[in-house]
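Here is a short briefing on a multi-chain model. Have the sequence and the structure open as you read.

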Amino acid sequence: MPLNDKNNDRATNEFNQYVKPVSLWADAWKRLRRNKMAVLGMWIVGIYMVVTFGAALLPFKSYTEQEMLHINLPPSFKPAGVVALGQLEGRKADLEAAIVKSGRPDLKQDLERIENEIVQLKGEIDTDPKHKRVYILGTDYLGRDMLARTIYGGQISIMIGLIGTLTAAMIGIVLGSLGGYLGGWIDNLIGRFVDLMYSLPYMLVVIIIMSMLPTGSNSIFVLYIAIAMISWLTISRVVRGQIISLKNSEFVEAARSMGAGSGRIIFRHLLPNSLGIIIIYSTLQFPSFIMNESFLSFLGLGVSAPRASWGTLVSEGVQGMQLYPWRLLVPAVAMTVFLFAMNFLGDGLRDALDPQSKNRN
Amino acid sequence: MTDDVILQVKDLKAYFKLDEGLLKAVDGVSFDLRKGETLGIVGESGSGKSVTNLAIMKLIPSPPGHIAGGEVVFMGDDILKMPDDGIRKIRGNKISMIFQDPMTCLNPFLKISTQMIETIVLHQGLDKAAAKAKAVEMLKLAGIPAPEKRIDQYPHQFSGGMRQRVMIAMALSCEPEILIADEPTTALDVTIQAQILELINELSERLGTAVILITHSLGVVAGMCDSICVMYAGRIVERGTADEIFSDPKHPYTQGLIKSVPRLDKVSTQRLYSIPGQPPNVINLPDCCPFFPRCERAMDVCKTKYPKVAELGDKRTVACWLYGEGK
Amino acid sequence: MSRFIVRRFLSVIPTLFIIVTLSFFLIRLAPGGPFSGEKKLPPEIMANIMRKYHMDEPLVNQYFRYIGDVLHFDLGPSYRYKDQTVNDLIGNAFPVSILLGTLALGTALVLGTIVGITSALKQNKWQDYAAMSVAVLGISVPAFVVGPILMLIFALKLKWLPTSGWLSSRAGALTLIMPIITLMMPYFAYIARMSRGSLIEVMRSDYVRTARAKGLKEGVVIRKHVLKGAMLPIVTYLGPAFSGIITGSVVVEQIFVIPGIGRIFVQSALNRDYTVIMGDVIVYSIILIAANFVVDILYGLLDPRISYK
């Protein structure tokens with residue numbers, strides 16, 4: 001590097017080497033790209049977004065259509081008819097053996113039903129196109145495609161995560177910057193309130209809210225609100241701290257001395273400089289929204305049928321997990337991979353945007 | 001004279017592998033330290049003076065740093081080749097250090113007594129009671145009032161200047177041969193700076209300790225040091241006795257530094273001189289004189305080759321194309 | 001110190017009061033009630049029930065009556081479990097949840113710090129990468145996924161552990177294993193990451209450099225100079241962790257059919273069993289406040305820079 005064409009306005013780090021004279025964001029982007037796990041996380045999150053939100057445009061099966069002959073089919077690349085037939089014949093053989101062994105006449109009814117189904121299936125298998133379908137991830141207890149259900153479940157889970165994160169960030173930013181900038185009794189009031197909320201086990205409050213509301217199609221919307229209402233605490237604290245430390249900094253004093261009003265100072269100076277930390281906390285909070293929503297859905301307090309989130313699917317999968325483990329594993333793995341990727345991305349963003357971070361762990 | 005030399009640093013190199021490239025923080029530094037001598041190492045921040053002294057104690061954080069070559073001969077043995085056990089017998093015992101920021105250099109969770117006693121017990125084999133008595137005595141020497149009482153307090157109960165006194169007492173508690181003082185007064189109030197320097201001076205004389213005083217301030221070394229090394233971008237650019245450096249500076253950088261010290265004895269209406277430009281980035285530095293962009297007397301040769309070190313007499317060297325063969 | 005404790009203790013009372021008040025009105029103002037779910041009762045019987053539980057009075061009267069009862073440590077009758085009082089219900093379930101939570105947090109703390117310290121000392125070696133990947137996994141996988149999958153593998157397929165139950169005579173302590181693992185996973189992971197990070201930071205600190213420059217052995221440096229400072233953030237984390245463990249145990253108790261307060265809580269929320277919900281909220285808040293209280297005191301004892309004056 002030639003020495004005589006240096007700028008004097010470059011920042012230097014502890015070894016007095018010059019950090020490249022690029023913007024904070026370009027620099028952060030460079031750091032992020034160097035972090036392999038974060039890049040992998042970004043790709044996975046990107047693919048999930050495209051697949052779940054583009055699901056309507058992609059050739060996936062319906063997530064609501066029930067097919068009684070395709071109940072609980074295991075994952076397979078063979079056409080559904082063949083898989084279903086194999087399963088029915090296996091069950092028929094089991095039943096026959098059981099009848100011979102125990103001599104229970106009540107099992108005969110089941111046997112008859114299965115024989116009828118086999119006949120029906122054999123009749124349709126070559127003519128009805130639905131038996132040509134391939135369920136690569138199997139079907140659930142109503143004969144619905146697990147792949148489609150997982151993808152649409154992801155859509156709801158990710159949606160809730162996004163809306164929850166944005167709402168929480170909004171409330172947190174507004175209250176945090178109000179408290180931080182104005183100080184005095186307003187700050188005190190907000191601070192007390194945040195303290196109080198922190199001393200509540202907040203998921204329990206959400207459970208109360210959710211259980212009190214009439215069940216219906218609107219519950220998903222209420223769920224967004226309920227989760228967001230209680231999740232802005234951390235963001236507001238972080239923003240408040242950031243605003244307070246920036247408020248007294250020299251560049252803000254300079255802006256004030258040049259006659260900038262409060263609004264201008266908050267929106268042009270304080271918030272843009274807090275953006276990095278807001279992004280970090282929001283990204284790290286995103287997976288916890290998804291977890292919380294799924295947690296509620298798991299308890300039967302979240303998304304109601306026919307819609308399903310990952311939590312609903314896992315909860316349904318638990319019911320028959322001994323016989324039909326794919327019903328549990330498919331949504332569980334899909335969700336875990338996404339949360340895993342999200343956490344890596346969040347960690348990467350924190351390291352990239354806040355390299356001096358004290359609370360790195 | 002050479003028999004008195006207790007520490008000989010020869011061609012010491014300490015490099016840091018960073019994402020941006022290889023940082024040659026210390027690149028071929030050599031100097032001698034005689035018994036009881038006070039040596040000043042002067043340079044801007046980032047010139048490698050602190051890293052040099054961490055390297056002497058083999059305390060460079062690794063990774064990313066490592067010692068890339070050279071020797072540090074202490075009483076006949078090369079420290080850099082010693083096993084860890086051997087070095088630990090020297091650290092804190094034969095060579096001890098005090099650092100820039102006394103606020104962060106003492107462990108906030110341990111009492112002063114614990115921190116002082118552990119060193120004395122470790123190196124001098126005293127029992128705890130005797131070690132404590134020794135620690136109290138050292139604190140008294142370092143000018144801490146009521147040391148018997150204060151020794152059982154925690155660092156946060158001391159002021160900055162008092163903490164630096166504690167650091168000095170701790171560093172000298174094993175009566176080391178060498179005390180390395182890394183900018184010991186930079187973080188302190190101006191009024192306290194002189195007291196601390198005076199204390200270092202007085203105690204080292206009394207105990208016969210040689211001192212390496214690292215500082216960015218020529219004013220500090222002027223009153224205290226027998227000889228001076230001026231560092232720039234990881235290398236020593238000029239070396240000599242304090243008298244020689246101040247009365248007859250050779251290197252343009254040294255000349256600039258001296259010109260930029262405010263003087264009370266000469267009333268002047270002129271603006272204070274300052275060296276133009278910024279200290280260089282030492283990552284991937286080309287083979288040239290790193291000072292040439294800021295040098296008023298730079299020549300073509302300065303841009304292509306690092307100057308040979310010119311010997312101008314006993315222990316008097318300068319690395320500049322204006323002197324020696326290059327001229 | 002004792003003055004601090006007293007003051008801190010007194011400040012708990014208004015917090016509890018606000019929590020009780022808020023939840024009381026929140027629950028009561030929501031539509032539906034404990035008797036609205038079942039088949040329609042004849043109006044005169046309904047009126048009798050309402051009178052019996054004082055639900056025909058204005059809400060504010062009910063509120064003061066409730067507060068009065070609570071001050072006498074009486075949480076009232078359950079509206080759903082006709083023969084049981086809330087005190088009985090919670091009294092039976094409370095020890096179960098506390099045992100589960102304490103065991104889980106204890107395990108998370110011990111394993112988490114061990115893994116975190118190992119990771120920090122082997123920084124950027126394979127042990128570190130392996131441990132930290134496990135930690136991110138622990139944070140990413142929710143309890144209601146870990147629980148069923150553990151159950152599927154170890155109880156249903158391998159048949160090593162019992163599927164559910166709580167200290168039942170046949171399986172004994174084996175019933176504890178899966179619930180504890182499920183419940184502690186995220187906290188174990190978080191504590192491991194946190195202790196690694198804070199250990200690395202402290203190892204780079206100036207005072208640790210001083211300790212090394214004194215000639216102390218690396219082991220002594222870590223034990224005497226690094227660990228205490230590095231563990232302080234973990235202590236502060238224990239408060240929120242306890243709160244999370246309580247919430248998490250709601251799911252774990254559901255999955256493994258454990259008769260703790262979490263199960264009662266979900267049941268009562270679904271049944272709108274007002275008094276039981278209220279009782280649960282009060283008990284949970286007290287646990288949380290107590291946990292934070294203990295953490296504050298612990299922190300003060302560990303960090304000499306903090307004095308309670």
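**Sheet and contacts in a predicted model**

In chain B, strand β3 (residues 38-42) and strand β9 (residues 227-232) pair in the parallel sense over four bridges. Strands count as paired if DSSP finds at least two bridges between them. Helices (H or I, at least four residues) and strands (E, at least two) are DSSP runs, numbered from the N terminus.

This is a predicted model: local features need pLDDT of at least 70, side-chain atom pairs count only at pLDDT 80 or more, and totals for chains, interfaces and linings use all residues. Residues are numbered from 1 along each chain as its sequence is written, while chains are lettered from A and ligands numbered from 1 in the order in which they are written.

**The sheet of chain B**

- G40(B) stands opposite I228(B), a residue of β9(B).
- The open sheet holds eight strands of chain B, in the order β6-β7-β8-β3-β9-β10-β12-β11, with mixed pairing.
- Its edge strands are β6 and β11 (309-311) of chain B, and each of these pairs on one side only.
- From one strand to the next, the twist averages 20°.
- Helix α7(B) packs on the sheet and touches β6 and β7 of chain B. The direction of α7(B) makes about 175° with that of β6(B).
- Such angles run from 0 to 180 degrees between N-to-C directions; axes are lines fitted to C-alpha atoms, for helices over the stretch in contact.

**Positive phi in chain B**

- Most residues other than glycine have a negative phi.
- K58(B) is not a glycine, yet has a positive phi of about 55°.
- K58(B) sits in the loop between α1 (49-56) and β4 (65-74) of chain B.
- K58(B) has 19 other C-beta atoms within 10 Å and is partly exposed.
- E175(B), also a residue other than glycine, has a positive phi near 45°.
- The loop between α7 (160-172) and β7 (178-182) of chain B holds E175(B).
- E175(B) counts as partly exposed because it has 16 C-beta neighbours inside 10 Å.
- A residue is buried with 20 or more other C-beta atoms within 10 Å of its own, exposed with 12 or fewer, and partly exposed in between; C-beta atoms are placed from the backbone.

**Chain C**

- Chain C has eleven helices and zero strands.
- Along the principal axes, its C-alpha atoms fill a box of roughly 85 × 60 × 35 Å.
- Of the 309 residues in chain C, 43% are buried.
- Among contacts in chain C with a separation of 6 or more, 72% join residues 24 or more positions apart. A contact means C-beta atoms, placed from the backbone, within 7 Å.

**Chain A against chain C**

- This contact takes 33 residues from chain A and 40 residues from chain C.
- On the chain A side, α7 (202-212), α11 (262-298), α12 (310-319) and α13 (325-353) each supply at least two residues.
- The largest share of that side, nine residues, comes from α13(A).
- The chain A side divides into 25 nonpolar, seven polar and one charged.
- Ala, Val, Leu, Ile, Met, Phe, Trp, Tyr, Cys and Pro count as nonpolar, Asp, Glu, Lys and Arg as charged, and the others, Gly among them, as polar.

**Chain B against chain C**

- Here 24 residues come from chain B and 18 residues from chain C.
- α4(B) gives the largest share of the chain B side, four residues.
- The chain B side that touches chain C has eleven nonpolar, eight polar and five charged residues.

Definitions and conventions:
Two residues are in contact if their C-beta atoms, placed from the backbone, lie within 7 Å.
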